[in-house]
4 protein chains.
Amino acid sequence: MIKVSVIGATGYAGAELLSILHRHPEVEVAHITSESSTGKNISELYPHLRGIYDMTLESLEDIEKIGADSDFVFIALPHGHAMDVGKKLENLPARIIDLGADYRFNDTEIYEAWYNVEHTHKDAPRVYGLAEIYRDEIRKAKIIGNAGCFTTASILALAPLAKHHLIENNSIIVDAKSGVSGAGRSPKLGNHFPELYDNFKAYNVAHHRHTPEIEQVLTDLGGEKILINFTPHLVPMSRGILATCYANLKPEISAEMIDAVFPKMYGNEKFIRLLGRNAYPETKFVRGSNYCDIAWHVDERTGRVIVLSAIDNLVKGAAGQAVQNLNIAAGFDESTALDVVPMYP
Amino acid sequence: MIKVSVIGATGYAGAELLSILHRHPEVEVAHITSESSTGKNISELYPHLRGIYDMTLESLEDIEKIGADSDFVFIALPHGHAMDVGKKLENLPARIIDLGADYRFNDTEIYEAWYNVEHTHKDAPRVYGLAEIYRDEIRKAKIIGNAGCFTTASILALAPLAKHHLIENNSIIVDAKSGVSGAGRSPKLGNHFPELYDNFKAYNVAHHRHTPEIEQVLTDLGGEKILINFTPHLVPMSRGILATCYANLKPEISAEMIDAVFPKMYGNEKFIRLLGRNAYPETKFVRGSNYCDIAWHVDERTGRVIVLSAIDNLVKGAAGQAVQNLNIAAGFDESTALDVVPMYP
Amino acid sequence: MIKVSVIGATGYAGAELLSILHRHPEVEVAHITSESSTGKNISELYPHLRGIYDMTLESLEDIEKIGADSDFVFIALPHGHAMDVGKKLENLPARIIDLGADYRFNDTEIYEAWYNVEHTHKDAPRVYGLAEIYRDEIRKAKIIGNAGCFTTASILALAPLAKHHLIENNSIIVDAKSGVSGAGRSPKLGNHFPELYDNFKAYNVAHHRHTPEIEQVLTDLGGEKILINFTPHLVPMSRGILATCYANLKPEISAEMIDAVFPKMYGNEKFIRLLGRNAYPETKFVRGSNYCDIAWHVDERTGRVIVLSAIDNLVKGAAGQAVQNLNIAAGFDESTALDVVPMYP
Amino acid sequence: MIKVSVIGATGYAGAELLSILHRHPEVEVAHITSESSTGKNISELYPHLRGIYDMTLESLEDIEKIGADSDFVFIALPHGHAMDVGKKLENLPARIIDLGADYRFNDTEIYEAWYNVEHTHKDAPRVYGLAEIYRDEIRKAKIIGNAGCFTTASILALAPLAKHHLIENNSIIVDAKSGVSGAGRSPKLGNHFPELYDNFKAYNVAHHRHTPEIEQVLTDLGGEKILINFTPHLVPMSRGILATCYANLKPEISAEMIDAVFPKMYGNEKFIRLLGRNAYPETKFVRGSNYCDIAWHVDERTGRVIVLSAIDNLVKGAAGQAVQNLNIAAGFDESTALDVVPMYP
């Protein structure tokens, strides 16, 4: 049994993490924190946890003590706040899995440009926390910068094509759609029920912060600089992301060559389900699970490949991915606590 | 390890059963059947099961063979069809858990009157499958008539009041609301997405078939004949039932007496969460789980008690209840495979 | 052409009022106000009004000036605020239609008890603004206290039964369900999209403020004191109310006697559509319109009548009703601007 | 007053047409037809029309008689069926507005290739029914092939850019999202409520039949052959389309040049609302109305323009457009019956 703590347990990702950890036979949750609800029981904030978690929320003022009492510390805070925690835990044995953006970028200038925040922990020993691509690096990492939700869906869809140089570098467009839980639990007019219900919209066109994250990994995989367009949309539903990814095929690339690279890269991946060419992932087919379902289409008329991928934004896009990273880092079976049937219908 | 089979695996209850059984360490699924999809793989019909269940649907023509190869047989067929299966398995050791109505009634004339079907297995050795009330009988039963979805929510809400004679017998009104999955997977205009979305309606007023089921159990508990009004409504959501139950308090019954009987009856029940007086269950707080959340309100102005209960219609209202009954009947820990955190949000 | 102003134009009822008034050939909107958004254009707050309303929100500090410039003043403020406006306009010719609760009660002590606010305009010359019942009084009224949303659905369902003494006075239970727009436009956790979506719950059991309003009118109609139970629920949809109303029939009352009183009372009502016995109103059948659809069921087993009624909470439950009252008070055809086909699907 | 008939009145587009025509002061609905429901009253099929339309559905067997009795005939049949009607009405004065695809294509070979149906009325005197682009041709047309829903949103978004040659011809990608009413009223598993609710998916990637329609008009506007990628998605809501359109800017094209062409083309259009650069249309802002809201974004990092457009698929994408075409063809004010405030929230 190892001990883990969750810093920022009252957001949707934090609560999902608690749900998953409840199933984990090797993990004990030692501390959970919330600055706005310190002293309250987590089940007051999340009544679905009544009778399951009977824990009091602490403050992260005592982060060193919490860190000393933990083998792993999950951080589920808004960006800009994990760096402080990371620095304070630098010299403790506790390892860190950050669900936010602070530790995702190799180049902290890119982070600073897109997030408008000074990076204060530039030399942190960190790896990008997307198991299917950086599994080996994750094993020993001190700090794991857990991949973002849109990012996970987008990268997993495009990685085989970028890695094997089948597509034109700067032709990539990712048109992504997310359920509303991705926007967090703070009420605001934009997420007020009557405003969003029976409604659909785009947001942050050309400026969403997951853009450079996708570019970083695709560039890394293919070895050549890649710029993309990424457009997020809000779907009137709670959970789930579908990414529709477009790219121009390089000359002479056939549908069969596309068909080949997906199983080549993901053939042994537990959490990637390849539906094949001309199939259609649906967000509900992965809801509540750690799966990423992927399918692809080749349009010979226009010379493009269209890749579709679906994840649950709170699981494979956040808490599930974090536990997958924990399992790798701690040496557990990678699917421990994650072998869950999606909830349908 | 025991072997179980699922007759009628392609409805929503059948698919939910497979999801739950996947988590059950003591159970192997031996056979699954579907008459309309015989020969197909279950994951063709339910793509969320890809990579999880790789089983071919058989026909129930071979039910004796299936029965001989099973310790327990779950039946998830429309009412009227389980009796045939029950009779064919009569002399085999396999025990039966029927998710339909055929084996729920002590008095088969009531069944025949409400279902317009002749009961052809009147002497079947059966018990009503609601663990919190008939646990002892379930232990040894040959045939368990799993309680219905609306029924479970309604009975659990009212049982302590009926049992302890705190309410006027014929004053009970149950106004219940269900997600659409309760109506099954067969497409029809009434459940066509654009018709139901952003819409709310009642149906089967004064004639819903769960009415006599609720009356049977409340009458049994209190020892006096009880007639109720039961009104179901369709909520534009997938899962969940909320029952709002009204009854006139007998003279001299105080709120504190109400407060006392709920923990008295359910204090040790794993799957009943008592939220207490003046609280509010929400269907999402139990979604995907086997919990029944209950709260109550006493209106001194009108002399009524209002009890609210919430369940997931496919879990505690169907497949979860069935596995709970299996656990009791097979001698497993009652919460095996059912210790699941509700999916929120 | 008459001139009207809308005090509190930025709530959902205020915005709906503007939508309806846009269709009114006899009305010019002179002033619209908002304290939180004074100086802004209404289309900044409601982009669906772009190109339709190009008006600046004023402050109600100048209410006397606004009143002097208006034939009718609609007030769409939270309760407790209309009384101030009412008093300030007391000596002006402008007539008032208040969409809130301040002017709905004959007995201001009841208002004070349920709203926890002192009533400061007890002698206001006011009528209850439900046209189908108080049409004659509305014609000449200085102040019209527009009926509430739940109230309208409940009263219209039960009025013929109460008026003709067909039901036991204190047996009435109204179990009502509303879309979320009824809760207003202010974001809060309870109405945050991910919390409500795929969720259903009751609220304010035994304490909702529409209870005494329903009691007042039913008591008035039948001439005997009536107490009821009223339970509101939140449906995960934007608009619409369905009220399920239960009452015990008096001895010897037949289904045919029930059938007779509805057309007797509502036979000439433009906005009440009687679907008849054993029918089912759906909220979507009236969405966006001023209709109230009503059907009833008689349960001979239990001796109860169940009446179902459906309205759009923002139209017949608020802004449409207000315009209907305006039409009556100003001497226009009662359906002016309200002859709208419900939006389906 | 002119007389119009609706062939195929029981689909969603037909019913919407009836709703709009109810508001039209110059139009009398003479005949409505349905082959599956001949002899029934339309309000049996659409209870929201009770008390509004009291008309019996006829058969189109008598189409010549219906045509002789009509100034305009709207056809709302599945593709392949309007051609028969069109030929039978060829020598009658009645003019035709077809809401399907049969008369949309200049090149019937393209129709035949994408629809797998022989075109049997190749020489029909027809125009493409998108008023903002072909208004003059519509005025005198015998047959108007009303533009499709996805097509309308896509073409209106891209037309100014194609016409003024600001974008690379073959770089266009339209990623479109539609509410479920676009799929029609026939129940099937894919549109069964529990399957779609809380779910999101793409369909018909690279093969949707609106693709060549968009290409035809953009090619016509720019004078050079254009091929596009068009991807439709299903949003779990009833109504509304959002199109997210991507194109590579030609060299030297600035954001200001983009800003200029939209008002240049649409400055006088009643039903196009330009939100400007960096704005965000939402489907709910146009719900129930004939508006098309458009905004655009320029990504200098990647050299692309992203145009967003929103319509109500049943109004501007079908029935509203048809009435707009009627108004033009009959010489009425173009906005007659269409000056409707969108329904919000």
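This is a predicted model: local features need pLDDT of at least 70, side-chain atom pairs count only at pLDDT 80 or more; totals for chains, interfaces and linings use all residues.
The side chains of C:Asp198 and A:Arg287 meet in a salt bridge, with 3.9 Å from N to O. Because C:Asp198 lies in the loop between helix H8 (193–196) and strand E9 (201–202) of chain C, while A:Arg287 lies in the loop between E12 and strand E13 (292–299) of chain A, the pair joins two chains.

B:Arg287 forms a salt bridge with D:Asp198, in which the closest N and O atoms are 3.9 Å apart. Here B:Arg287 belongs to the loop between strand E12 (272–277) and strand E13 (292–299) of chain B, and D:Asp198 to the loop between helix H8 (193–196) and strand E9 (201–202) of chain D, so this pair also joins two chains. Both B:Arg287 and D:Asp198 are buried.

Salt bridges that share partners also link A:Asp175, A:Lys177, D:Asp175 and D:Lys177 into one network. Over all chains, the structure holds 84 salt bridges.

## A pair within one helix

Within chain B, B:Arg139 forms a salt bridge with B:Asp136, the closest N and O atoms being 3.0 Å apart. The two residues both lie in helix H6 (residues 131–140) of chain B, 3 residues apart, or about one turn of the helix. B:Arg139 counts as partly exposed at 39% relative accessibility, whereas B:Asp136, at 56%, counts as exposed.

## The interface of chains A and B

Chain A contributes 31 residues in contact with 31 residues of chain B, and the area buried between the two chains is about 2900 Å², of which carbon and sulfur atoms give 60%. On the side of chain A, the residues that lose the most area to chain B are A:His48, A:Arg50 and A:Val341, which together account for 22% of what that side buries.

Across this interface there are 2 salt bridges, including the one that B:Arg50 forms with A:Asp293, where the closest N and O atoms are 3.0 Å apart. There are also 16 residue pairs in polar contact. The elements giving two or more residues to the side of chain A that touches chain B are helix H1 (12–22) and strand E12 (272–277) of chain A, and the largest share, 4 residues, comes from H1(A). By type, the residues of that side divide into 15 nonpolar, 6 polar and 10 charged.

## The relation of chains A and D

Chain D can be laid on chain A with an RMSD of 0.0 Å by a turn of 180 degrees and a shift of 0.0 Å along the axis; the two copies are therefore related as by a two-fold rotation axis. The same surface serves both copies, since 100% of the contact residues of chain D recur in chain A.

How values were computed
Residues are numbered from 1 along each chain as its sequence is written. Chains are lettered from A and ligands numbered from 1 in the order in which they are written. Side-chain values use heavy atoms; hydrogens and water are left out. Contact means heavy atoms within 4.5 Å. Buried area is the accessible area (1.4 Å probe) that two parts lose on being put together, summed over both. A salt bridge is a side-chain nitrogen of Lys or Arg within 4 Å of a carboxyl oxygen of Asp or Glu. A polar contact is a pair of N or O atoms within 3.5 Å; within protein, one must be able to donate a hydrogen and the other to accept it, and residues adjacent in sequence count only if both atoms are side-chain atoms. Ala, Val, Leu, Ile, Met, Phe, Trp, Tyr, Cys and Pro count as nonpolar, Asp, Glu, Lys and Arg as charged, and the others, Gly among them, as polar. Copies are superposed by least squares on the C-alpha atoms of residues with pLDDT of at least 70 in both. Buried means under 20% relative accessible area, exposed over 50%, partly exposed in between (1.4 Å probe, protein chains only).
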